[in-house]
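Colleague: Could you take a close look at the aromatic rings in this one and walk me through how they pair up?

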Amino acid sequence: MKSSVLFGAVSVLAFATPAHALSISFDSSGVVPAYAGATLLEGFDETPVPSNGLKFKEFKETPGVQGTSKGSVRVYANSVLNHALKPTNAVGQFLSIGAADEGKYILSLVNIQVLSFLVGSLDTYNSVTLRNTDGSIFKQFEGSSLAGLTGTGQNGRVTYDFQGTKLGSITFASSQAAFEIDQIYSAAAEPATWGTMILGFEMAGGALRRPRSKNQATLAAA
């Protein structure tokens with residue numbers, strides 16, 4: 001079921017570069033950030049699955065399910081030994097990428113400014129690739145760096161704010177053991193981003209007003 005929500009979150013870490021702006025935050029509590037219009041994009045709960053999981057090829061035919069897959073990708077309701085470990089904060093069913101072999105899960109990011117998702121037990125062979133609308137790579141991360149962290153095994157919510165950049169897709173992949181994700185949310189721009197834009201407009205307006213005031217002062221003196 002898709003739904004609109006507004007939640008609070010604790011931002012732990014942010015990363016950005018001038019040429020390719022991207023803000024990354026991680027919250028171990030799994031709470032969805034308080035972005036305007038945060039909407040559940042995919043929760044993998046549309047269809048009941050057997051105890052050993054459901055291949056995504058079958059699952060993706062369900063109306064309303066987002067994304068496509070390649071290789072070993074399955075939906076699970078609970079942890080399955082040697083195949084999938086349910087993320088600590090997952091609600092209901094979750095996706096396991098690379099459950100039995102290499103796998104990929106690809107989501108379109110058309111008009112999405114913020115993307116937030118749960119991850120479980122991050123490993124070095126888990127990866128995320130963000131692509132521009134022309135298919136070229138915007139950013140690529142492996143292991144816990146995809147959450148802006150170091151070390152392995154973290155569970156929590158990763159949030160990407162694209163800082164106004166228009167991207168085409170995100171690929172979740174794993175070359176070995178599973179990469180578990182759940183509760184993917186999309187949202188509008190971060191409130192702080194809008195605040196910066198408004199401040200910029202105010203500064204620009206002030207700059208336009210100053211020359212006029214100076215001219216008026218000159219005329220008054222004459």
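Modeller: Here's a walk through the aromatic pairs, with a neighbouring residue at the end. Bear in mind that this is a predicted model, where local features need pLDDT of at least 70, side-chain atom pairs count only at pLDDT 80 or more, and totals for chains, interfaces and linings use all residues. Residues are numbered from 1 along each chain as its sequence is written, and side-chain values use heavy atoms, with hydrogens and water left out.

Rings of Phe, Tyr and Trp (its six-membered ring) pair if their centres lie within 6.5 Å, and planes under 30 degrees apart are stacked, over 60 edge-to-face, the rest tilted. That rule gives eight aromatic pairs. One of them is Phe117 with Tyr160, edge-to-face at 5.5 Å centre to centre and 80° between the planes. Phe117 sits in strand β9 (residues 114-120) and Tyr160 in strand β12 (residues 156-161), so this pair ties together parts 43 residues apart in sequence. Strands here are DSSP runs (E, at least two residues), numbered from the N terminus.

Phe117 is buried at 0% relative accessibility, and Tyr160 is buried at 0% too; buried means under 20% relative accessible area (1.4 Å probe, protein chains only). Phe117 also pairs with Phe172: centres 4.9 Å apart and planes at 85°, so edge-to-face. Here Phe117 in strand β9 is linked to Phe172 in strand β13 (residues 167-174), 55 residues away. Phe172 is buried, as is Phe117.

One aromatic cluster takes in Phe44, Phe56, Tyr105, Phe117, Phe141, Tyr160, Phe172 and Phe179. Strand β13 also holds Thr171, buried at 13% relative accessible area. Leaving out residues up to four places away in sequence, Thr171 has contacts (heavy atoms within 4.5 Å) that include Tyr105 and Val128.

How values were computed
Helix = DSSP H or I, 4+ residues; strand = E, 2+ residues; numbered from the N terminus. Buried < 20%, exposed > 50% of the residue type's maximum accessible area, 1.4 Å probe, protein only.
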